[in-house]
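Work through the exercises below with the sequence and the 3D structure open beside you.

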Amino acid sequence: LSTTEGLLLPKKLLIFGGEALPAGLVEEIRQSGSGCKVVNHYGPTETTIGKLLHEVKEENSYQRTIPIGKPFSNTRVYILTKELERCPAGVPGQLYIAGDGVARGYWNNPELTKEKFIKDPFTKDKGLMYGTGDLVKSLPDGNIAFIGRVDDQVKIRGYRVELGEIETILQQSELVSQAVVLAREDKQGNKRLVAYIVAEGLFDREGIMDGLKEKLPDYMIPALMVELESLPLTANGKVDRKSLPDPEGEALNGEYIAPRNETEEKLSAIWQEVLELDQVGINDDFFELGGHSLLAVRLISAIRKAFSVEMPIGDIFDYPTVAMLAKQVTTHSGTTVLPAIEAVQPRPEKIPLSFSQERLWFIDQLEGSVQYHLPAVLQLKGNLNIAALEIALRF
């Protein structure tokens, strides 16, 4: 349910469940004049459905989605880390449910039962708690907000990214009606973020991007954005992520502008090869098309070979479009090109240290290289084999 148009609304009570409830939909219900009370309801089948409830109040100001609420009186809920430790207020974690109504497990599936139904460590009885797989956080008023699925946490270029967090920011935009974000691999096997957008009115790609850049770090900005008329749904009305289309050929920047001269043509061809795209316009941003620091090194190498110029890698970050970089190629024309690195043959028995290695050795001899130590605290549980620990630290 994404709009109330053409629907006959109840006069007393309307209960939502199964998907995140958009605040915009609730506002539309209010403006319809129905006068019905709106309740957001949460609970998986494994805990006999209903476990949390939130009555939407007119005096409350909500973001883009309505909280899933507070637990019923016969229910205990925990927001826990992977180590089953409680998350502080506002910190995302997995939602666990305990108390009356929690099932014993899955019929004839002991492995999944063992994974999902575990002993409640916060009570003295032998009760179980169920790991929902939902990522949530507690709000200042005690309500719980749904963020996304724990499975939706991915790693992009070494950074841990919550897809649900990006979706929430997208849905806060007045330009977006619905949004889903996936991590998909490109032809090189690198993961990149793809946003599927159902626009609110005309699709304003640039405006949506500007809103994301104000609230999210660069590594959480989708590399590709795909406009859809509607999101595909499963038979039970949930978003069918597996049916979302292939994003190939979609770009962040809107209108394609072809190269205007030979330099831009060569650069555009290099970008297409490095990024493995079929088409790159002169105003397309290298990093918004999925480029990153490692690909920037390949780009510099290809430019050196094609134009016989030596260009610093910082230029890729300062001039990230074909049109901007073409001017820099002209600026660096005539510079001395560094010789290609070739393997030494035959390979000597002792190889000299690099400048970075010499620096580390010098600092270590001068005062000890504690600057490069990464301190960490580990909490060990169970019996500790002291001898084994000493051997592990020694070697």
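A residue is called buried under 20% relative accessible area, exposed over 50% and partly exposed in between, with a 1.4 Å probe and protein chains only. The model is predicted, so that local features need pLDDT of at least 70 and side-chain atom pairs pLDDT 80 or more, while totals for chains, interfaces and linings use all residues. Residues are numbered from 1 along each chain as its sequence is written, and side-chain values use heavy atoms, without hydrogens and water.

**Exercise 1.** Classify Glu19 as buried, exposed or partly exposed.

*Solution.* Begin by locating Glu19, which lies in the loop between strand E1 (13-16) and H1. Next take its relative accessibility, which is 39%, so Glu19 counts as partly exposed.

**Exercise 2.** Find the residues that Glu19 touches, not counting those up to four places away in sequence.

*Solution.* With contact taken as heavy atoms within 4.5 Å, Glu19 touches Gly237, Lys238 and Val239. Then look at Val239, whose backbone nitrogen lies 3.4 Å from a polar atom of the Glu19 side chain. Finally, compare sequence with space: Glu19 and Tyr42 are 23 residues apart in sequence, and their C-alpha atoms are 8.8 Å apart.

**Exercise 3.** Identify the residues with the most contacts inside the largest nonpolar core.

*Solution.* Such a core is a set of buried Ala, Val, Leu, Ile, Met, Phe, Trp, Tyr and Cys residues joined through side-chain atoms within 4.5 Å. The largest one has 24 residues, and those with the most contacts inside it are Leu267, Trp271, Phe286, Leu299, Ile303 and Ile316. Helix H6 (293-307) is among the elements that give two or more residues to this core, and H6 gives the most, with six residues.

Notes: Helices (H or I, at least four residues) and strands (E, at least two) are DSSP runs, numbered from the N terminus. A polar contact is a pair of N or O atoms within 3.5 Å; within protein, one must be able to donate a hydrogen and the other to accept it, and residues adjacent in sequence count only if both atoms are side-chain atoms.
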